[in-house]
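Please look at the sequence and the structure as they come up, and I shall then take you through some details.

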Amino acid sequence: MTVATSLSIRVNGEQRQVPGGISIAEMLGELGLDERKVAVERNLAIVPRSTLGQVRVEDGDAFEIVHFVGGG
Amino acid sequence: MTAQQDIRADTWAVAGRSFTSRLIVGTGKYKSFEENAAAVEASGAEIVTVAVRRVNIADPNQPRLTDFIDPKKVTYLPNTAGCFTAEEAIRTLRLAREAGGWNLVKLEVLGEARTLYPDMRETLRATEVLVKEGFEPMVYCVDDPIAAKQLEEAGAVAIMPLGAPIGSGLGIQNRVTIRLIVEGANVPVLVDAGVGTASDAAQAMELGCDGVLMNTAIAEAKDPVLMARAMKAAVEAGRLAYLAGRMQKRRYADPSSPLAGLI
């Protein structure tokens, strides 16, 4: 499938444009993130790490990408 | 345990995992990752608490906690700090489980920013949902023996009452209720929050707690690495004193040297 249009999505509250047809794993790559070190929530649902390569980014998706930071 | 036995033989277990160190340390408020890692090392802690936050997508190559404290060597205990509702806490821990790959988590649902006191209604509700979803929550709570029992019945794998407000360093302000919780619990009890200095940690352990969780007392000490060592020693000393069983208190003096044979 080739989709020339770009998708408008939100990542951690920020508006972003990504190429149509990409997977979440590819999106993480574009953002410079290592998929083994983050967790991804898409439209309030967890995306299991094992499926990041299969799930396609859809127009209007809202992502939260988190990791562990120092805390008490 | 006898005096001859090494303290290393005195382990405790939570959710089926066994630990030697009874000190859990936070990883917040340090000046640098290097100082944080050195303090964790000096504390001897086998579990560290961590927070779950958004990655900085503007600068994805920033140094990370995991580069300095290896999650393969130290158990990461993800927390829900900053969550004020059960829903926020549950959402945070679902992400934490995906990021870390384990079910052992620290639940805290806060009631208000001024005291950071837990909201027990939300805490209990979140505990019930998390347990249904297969989580093993260690739960920050008020020093109420009844609430502690309710959390245990809901499936909390550890009860973690505050000794004083989070970050206050006021020491164990509630020795009676902490002791009551310890006596009534069938899961580990850890004082979480309130410790300011080493004697506070020893006191928590002398009350029979299974462990102590602290962050600010180490991170905000003038020398955090030295304080981490002090806390390690204090937790061990308090534990040994609890196992040894302290002497009874007397109202008046009782000489230590024999009266017989006085010249």
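Predicted model: local features only at pLDDT ≥ 70, side-chain atom pairs only at ≥ 80, totals over all residues.

Where in chain B is the place of Leu116(B)? Leu116(B) is found in the loop between β6 (104-107) and α4 (120-132) of chain B.

Most residues other than glycine have a negative phi. Leu116(B), although not a glycine, has a positive phi of about 55°. Lys29(B) is not a glycine either, and has a positive phi of about 70°. The position of Lys29(B) is also in a loop, the one between β3 (23-26) and α1 of chain B.

I now turn to the helices of chain B. Two packed helices are described by the angle between their axes and the distance between the axes.

The axes of α4(B) and helix α5 (residues 145-154) of chain B cross at roughly 15° and come within 9 Å. Angles under 35 degrees count as roughly parallel, and α4(B) and α5(B) are therefore roughly parallel to each other. Their crossing is right-handed. On the side of α4(B), the contact is made by Met120(B), Thr123(B), Leu124(B), Thr127(B), Glu128(B) and Val131(B), and on the side of α5(B) by Ala147(B), Gln150(B), Leu151(B) and Ala154(B). By class, these residues divide into six nonpolar, three polar and one charged.

The next two pairs share helix α9 (residues 224-244) of chain B. Which helices pack against α9(B) here? One of them is helix α1 (residues 33-43) of chain B, at an angle of about 20° and with the axes 7 Å apart. That makes α1(B) roughly parallel to α9(B). The crossing of α1(B) past α9(B) is right-handed. From α1(B), Glu35(B), Ala38(B), Ala39(B), Ala42(B) and Ser43(B) meet Pro224(B), Val225(B), Ala228(B), Arg229(B) and Lys232(B) of α9(B). This contact has six nonpolar, one polar and three charged residues.

Another is helix α7 (residues 198-206) of chain B, which packs with α9(B) at about 30°, the axes being 7 Å apart. α7(B) and α9(B) are therefore roughly parallel to each other, and α7(B) passes α9(B) in a right-handed crossing. The residues in contact include Ala201(B), Ala202(B) and Met205(B) from α7(B), with Ala234(B), Val235(B) and Gly238(B) among those from α9(B). In this contact there are 10 nonpolar, one polar and two charged residues.

Finally, I come to the interface of the two chains. How many residues of chain A are in contact with chain B? The number is 27, and they are in contact with 30 residues of chain B. Between chain A and chain B, about 2,600 Å² of area is buried, and carbon and sulfur atoms give 60% of that. In chain A, the residues that lose the most area to chain B are His67(A), Phe68(A) and Gly72(A), together 29% of what that side buries.

Across this interface the rule finds two salt bridges. Arg91(B) and Glu41(A) meet through their side chains in a salt bridge, at 2.5 Å from N to O.

That concludes my presentation, and I thank you for your attention.

How values were computed: Residues numbered from 1 in each chain as written. Chains lettered and ligands numbered in written order. Heavy atoms only, no water. Axes fitted to C-alpha atoms, helices over the stretch in contact; angles between N-to-C directions. Helix = DSSP H or I, 4+ residues; strand = E, 2+ residues; numbered from the N terminus. Parallel < 35°, antiparallel > 145°, perpendicular 65-115°, else oblique. Left-handed = near helix turned anticlockwise from the far one by under 90°. Contact = heavy atoms within 4.5 Å. Nonpolar A, V, L, I, M, F, W, Y, C, P; charged D, E, K, R; others polar. Buried area = accessible area lost by both parts, 1.4 Å probe. Salt bridge = Lys/Arg side-chain N within 4 Å of Asp/Glu carboxyl O.
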